[in-house]
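Please view the sequence and the structure together while reading.

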Amino acid sequence: MIGYVCKYTPLEMFESMGAEMVRIQPQAADQSRADALLHPNMCSFVKAALEDALTRDYEGIVLTTCCDSVRRLYDALKDQLPGRFIYILDVPRKVNEFSAGIFRDNIARMIRSYEDFSGKSFDQSSFLEIMKRRAAAASLSGAPRRDDRLRVGLAGVRCSQGIKNLLEDHGVQILFDMTCTGLKRRFPSFEGREGQEEPGRTLYDYAWDLLNQVPCMRMVKASGRQRYMEGFSDRLDGIICHTVKFCDMYAFEYNAIKESMDLPVLLVDTDLTAQSEGQIRTRIEAFLESLKTARRDKEGLAGAAGAVRNESGRPPRPAGGGGRAMYVLGVDSGSTSTNAVIMDGDRKIVAFDVIRTGAKSGDSARKALENVLEKAGIARSDLAGIVSTGYGRVSIPYADENVTEISCHGRGAHYFNPAVRTVLDIGGQDSKAISLNEKGDVVDFVMNDKCAAGTGRFLEAMARTLEIGVDQLGPVSMNWKENIEITSMCTVFAESEVISLIARNKEIADIAHGIHGAIAGKAFSLLKRVGLKDEFMMTGGVALNEGVVKAVEERVGSRLFICDQPEIVGAVGAALFALEKYAG
């Protein structure tokens, strides 16, 4: 078994010698060894690939000279796995006859090296048979079938199979996948060829076809990627551009797509760890919900039920009949609090409940359900439908549907103030900036990464260090006199800064004000990415902190609308989605 990472890898050469070629799609639970052997700020894919190589029984690994990070990976693999076939293939950046000749020679040297390592010999006849089959299969594959599903294209670098599976599970048609090994390999030089040929000519044609694939971003003619995507523009609903942490090359592609194509574009930046799965799911599902809304608007269809999915497998509950009032429930399972809202058929909030999430989100969701039913004075059987949202939305067994918190906070914000166009949601462990249209539909959104900097958890840690309650931070900070700047947003480093300030006898009010200023700076950077459009609203539990609100208002240069219960905005949005689904 030989692992590979690049579409320019000559897979067929190895396969003709009996080698099993496996694309490396790593997802490391821990990258500590890679951090030690490489560097903590190295490309996340390279770190995950190293962890993968050190744990799996590869006969060898073939890399290409696509970037300096991969070259560092090659050096580390050679050092750590001395008994394996570790090879880095030099791929020319230009595509012309001279480059094809160089690439042919580089491939030939690689094959000779594998022959020396394995004791196997390259078989020209076997190779030609493989190439003829591949060429014939590629010529038979036509354009994707058009249907009513959402149509999305994948761009960027090294998109994981998990993302593709998530899209397919939501009924999305992937029109193209331009990530590193996504597009089908085509070999036009081998179509219809018969008989034996000169090995040098065969290898030259093979090198030529490999170089003439749709280029990656390291190639001189990378603009061909743009032209390829533009050919699908009339069929696409949106594009997902995938990058990995500390890979700058494909950030340029995202910016180019955003500027040149009149399509919604989502940037998904991952570190290839299991810990990032939750945010990836939220971002992609929210993007798909916004695409469905945009398609409905474009096609002139009414209603918003398409944005809601039934993942429970249960049939929808009927609306209240026989003169009974209809009620629905929205439940927001967040990392810090679980919020439940019961709404009636007239869109009035009948009851709500906010409790601490605790260690088990399922238990908190069940308790919130019991509490809110008791407050409303109704039975569970009186609920026509239940929609869940929040990071724990897929783990609430009694919910009929689930919708992302992005869409729910947008819908809930519109409910409380239809004039709102920009929403800042600072929750327990993440922050979001959301741009809305006049109907409360999500136009654009951004989220912070998986770090909890500038969130409710960050504030809790700072309050503990200051030895005051988190609910005291806001009032205390309003009495500040000295403008102190907290330079680090990392919770650990910021805590060290606060301890240092305490040791210097700085006033708690001044330190708290500095903490809120740091949060406001991070929030402002998110808001700028979706556009600073009046009117602004802040949601989530942190909106109860008057010090943070004041600091954000100073950065934005505008007042923030804060409803009476900012914690329940997401749950209200979920209840509104439930009404749209079950009111009929």
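**Sheets, helices and cores**

Helix α11 (residues 277-299) lies across β5, β7 and β8 and runs at about 175° to β8. Contact here means heavy atoms within 4.5 Å; axes are lines fitted to C-alpha atoms, for helices over the stretch in contact, with angles from 0 to 180 degrees between N-to-C directions. Helices (H or I, at least four residues) and strands (E, at least two) are DSSP runs numbered from the N terminus.

The model is predicted, so local features need pLDDT of at least 70 and side-chain atom pairs count only at pLDDT 80 or more, while totals for chains, interfaces and linings use all residues. Residues are numbered from 1 along each chain as its sequence is written, and side-chain values use heavy atoms, with hydrogens and water left out.

**Parallel sheet**

- Four strands form an open sheet in the order β6-β5-β7-β8, with parallel pairing; two strands pair if DSSP finds at least two bridges between them.
- The edges are β6 (173-177) and β8 (265-270), each with a single partner strand, so one side of each has no neighbour in the sheet.
- From one strand to the next, the twist averages 25°.
- Strand β5 (residues 151-156) is joined to β6 by 4 bridges, and arginine 151 has glutamine 173 in β6 as its bridge partner.
- Helix α7 (residues 161-169) lies across β5, β6, β7 (238-244) and β8, at about 150° to β6.

- Strands β14 (residues 422-426) and β15 (residues 431-436) are antiparallel and share 5 bridges; valine 423 has isoleucine 434 in β15 as its bridge partner.

**Nonpolar cores**

- A nonpolar core is a set of buried Ala, Val, Leu, Ile, Met, Phe, Trp, Tyr and Cys residues joined through side-chain atoms within 4.5 Å, where buried means under 20% relative accessible area (1.4 Å probe, protein chains only).
- The largest has 65 residues, of which Phe14, Leu77, Ile107 and Tyr206 touch the most other members.
- Helix α5 (residues 97-118) contributes the most to this core, with 7 residues.
- Domain 1 (2-140) and domain 2 (164-190 + 209-299) both supply residues, so this core lies between them; the domain bounds come from an automatic or database domain assignment.
- A second, separate core of 38 residues includes Ala433, Ile511, Ala543 and Val556.

How values were computed
Buried < 20%, exposed > 50% of the residue type's maximum accessible area, 1.4 Å probe, protein only.
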